[in-house]
Amino acid sequence: MKLATILVIGSLAVASAASADQPGPDWMPMEQMKAKVIESGYSQVTKLEADDGQWEGEGIKNGQKMEFHADPKTGVIVREKPDH
């Protein structure tokens, strides 16, 4: 019985984690988001993924590796910091 309970709980955790990081239906498409990041001063986008209700990524800006978070509907970068 305990094994069955553990399997069910484990399955639910995997299912919720997988569904939490999907772009919403009204989000800017990934390729368009990459173009917006380039327009905002990045010379390269090396990573881009949906996470916690926004686009999160990494790229190169002014020769420095950066991490950024962007609004999923407008593509506006709302936070960025050097990637250490």
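Five salt bridges are counted in this structure, which is a predicted model. Three of them make up the opening stops.

**Stop 1: helix α2.** Select K34 and E31. Their side chains form a salt bridge, with an N to O distance of 3.6 Å. The two residues are three apart in helix α2, so about one helical turn separates them.

**Stop 2: strands β3 and β4.** Next select E67 and K81, whose side chains meet in a salt bridge at 3.9 Å, N to O. Because E67 sits in strand β3 and K81 in strand β4 (residues 77–82), this pair ties together parts that lie 14 residues apart in sequence. Both ends are partly exposed: E67 has a relative accessible area of 23%, and K81 has 47%.

**Stop 3: K47 and E49.** Select these two residues and show their side chains. They too are joined by a salt bridge, at 4.0 Å from N to O. K47 is partly exposed at 37% relative accessibility, and E49 is partly exposed at 33%. Leave K47 displayed for the last stop.

**Stop 4: the nonpolar core.** Hide the charged side chains for now. Select W27, M28, M33, V37, Y42, L48, A50, W55, M66, F68 and A70; these 11 residues form the largest nonpolar core. Helix α2 (30–39), strand β1 and strand β3 (64–70) each contribute at least two residues to this core. In soluble globular proteins, nonpolar side chains tend to be buried together.

Within that selection, center on V37. Which residues does V37 touch, not counting those up to four places away in sequence? The contacts are Y42, V45 and F68. Of these, Y42 and F68 are listed in the core.

**Stop 5: D51.** Finish in strand β1, which covers residues 42–51 and includes D51. Select D51 and bring K47 back into view. How far away is the nearest side chain of opposite charge to D51? That side chain is K47, at 7.9 Å. A salt bridge requires a side-chain nitrogen within 4 Å of a carboxyl oxygen, and D51 has none, although D51 is buried. Now display D21 and E56: D51 is in contact with both, leaving aside neighbours within four places in sequence.

Notes: Residues numbered from 1 in each chain as written. Predicted model: local features only at pLDDT ≥ 70, side-chain atom pairs only at ≥ 80, totals over all residues. Heavy atoms only, no water. Helix = DSSP H or I, 4+ residues; strand = E, 2+ residues; numbered from the N terminus. Buried < 20%, exposed > 50% of the residue type's maximum accessible area, 1.4 Å probe, protein only. Lys, Arg positive; Asp, Glu negative; His and termini not counted. Contact = heavy atoms within 4.5 Å. Core = buried A, V, L, I, M, F, W, Y, C linked by side-chain atoms within 4.5 Å.
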